Amino acid sequence: MSIDTMELDTAEKIAAIPIDEIDVSRPSLFQQDTIGLFFDRLRKEKPVHYCRESHVGPFWSITKFDDIMAVDTNHKVFSSEAKLGGIAIQDMHSVEGALELEMFIAMDPPKHDQQRKAVTPAVAPSNLLLLEPTIRERACQILDDLPIGEEFDWVDKVSIELTTMTLATLFDFPWEERRKLTRWSDVTTAAPETGIVASYEARREELIECAMYFKGLWDQRVNEPPRNDLISIMAHSPATKDMPFLEFLGNLLLLIVGGNDTTRNSISGGVLALNQNPTEYRKLNNDPSLIASMVPEIIRWQTPLTHMRRTALQDWEIGGKQIKKGDKVVMWYLSGNRDETIIDQADRFIIDRKNPRHHLSFGYGIHRCMGNRLAELQLRIIWEEIHKRFAKVEVTGEPERLYSTLVRGITKLPVRLHAR
Amino acid sequence: MVKVTFVSSDGTRREVEIAEGETAREAALFNGVPGIDGDCGGACACATCHVHVDPTWIDKVGRLKEGEAEAELLQFAEGASEYSRLACQIPMEAEMEGLVLHVPAQQY
């Protein structure tokens, strides 16, 4: 691929940057997919690294697996609180005209714990068992409608469609209007400079429209017998039925965003990784039982969220470096997932790894991804059904990547299907 | 070696042995006992080695302590009970000989 020669040039340039001047907050590094070379240097030369100046201000980078685990599990020192900046490298600013959403991912205990406990049953294993047949039936429909031997965009036709329909299933959302969920997910994380919304006022308006829509669903479900969709669970559960409306909306949007970008990009990333590693693709074709270990390997390999951020509530030492109270601390999951000292041949995609679930993509500690089993379920179903139908999903051109420091996204992936 | 029995949700009993000083998580993983994932590597960070200690053993093993990391994680686990523990936090010392642990249907 043409990317190889580009990487050689870039690799030399990257090697020449003084270590203290490295700034991994630039979205272009992720879009060009050269970010790995920067993290290789940080892990080797300065695994706990301070960047003095960047477009998001000064921040610490934590790049090794064990150090990341130590920060992630220490929520008493490293806070997720929105008012302190929240959970991403870019501060959750209080922008005029923006809607202030309450989401438990950006809260500390005890409030975090109460809200998380209330929403968890919707994505707990026993509920997923009930949802699995519907998700599979809908996945089959998506795959059966795809053209054979013709080039099309995998991201739009499969990755987005599958994650959107899963969300619609989870919420028992009106089927024909399901792309509203995709839109609201994009709008929730959008700032005006992304072009997704024109202004914060426009964003606010769309989110209010979203709120009213869900209010309608809530009113309908609360008057019906309890069912296993998320809205019905929340409308009937003592822990959530009296939830203030902005909290209800915030938690719904958290689930929409959490279940959308992430799994979408793992679905695309898996196709790309198998094409870049033909030996692994052959292994899979010869033995589909490897899907079980391939799914967590795809999630490690893609690392759909590159990082989570915390704010230090007191001075603390990590890897011999002194973090000060109030400092912004960024746990780079994408880097920790390539840490050779913890993961054997970490820079290789291997679908039959011995211990594939030992990765950082879901985070650890009390904020560990709540939808992790749902993500794995969707990936497992789609690969089982792909295997039954197609000998190969062939990537036919260069992927396009998202301009984002947080979401490691693939926006376009041209493919052609080979019938089995 | 210390003997420990894992009882799956369908009632299947598996008696395995593990070297003293390892934990109940290793007892399951090293012996291929299904139903224990242990994603985080035994660091009390993911709650995917959730077990229900047999009521006859709970006092010897000890209960969750409020405010500690293990209890904080298990509060979100499906089906958590007063007998819930993380297998990675149960050291297999000689006095645990004969321990009985019940494995939930699924880890979360």
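Reader: Which residues have the most contacts inside the largest nonpolar core?

Author: A nonpolar core is a set of buried Ala, Val, Leu, Ile, Met, Phe, Trp, Tyr and Cys residues joined through C-beta atoms within 7 Å. Buried means that 20 or more other C-beta atoms lie within 10 Å of the residue's own, with C-beta atoms placed from the backbone. Here the largest core has 139 residues, and Ile62(A), Val4(B), Ala24(B), Ala87(B) and Leu101(B) have the most contacts inside it. Helix 7 (residues 154–171) of chain A gives the most to this core, with ten residues. Helices are DSSP runs of H or I with at least four residues, strands are E runs of at least two, and both are numbered from the N terminus.

This is a predicted model: local features need pLDDT of at least 70, side-chain atom pairs count only at pLDDT 80 or more, and totals for chains, interfaces and linings use all residues. Residues are numbered from 1 along each chain as its sequence is written, while chains are lettered from A and ligands numbered from 1 in the order in which they are written.

Reader: What does Ala24(B) touch?

Author: Contact means C-beta atoms, placed from the backbone, within 7 Å. Not counting residues up to four places away in sequence, Ala24(B) touches Val4(B), Val51(B), Ala87(B), Ile90(B), Met92(B) and Leu101(B).

Reader: How do I read the sheet of chain B, and what is its strand order?

Author: Strands of a sheet pair through backbone hydrogen bonds, either parallel or antiparallel. Two strands count as paired if DSSP finds at least two bridges between them. In chain B, five strands form an open sheet in the order 2-1-5-3-4, with mixed pairing. Strand 2 (13–18) and strand 4 (84–86) of chain B each have a single partner strand, so one side of each lacks a neighbour in the sheet. Strand 3 (residues 50–53) of chain B pairs with strand 4 of chain B in the antiparallel sense, over three bridges. In that strand 4, Leu86(B) is the bridge partner of His50(B).

Reader: Which pattern does chain B follow along the sequence?

Author: The pattern is β-β-α-β-α-α-β-β. That gives three helices and five strands in chain B.

Key: Buried ≥ 20, exposed ≤ 12 C-beta atoms within 10 Å, placed from the backbone. Contact = placed C-beta atoms within 7 Å.
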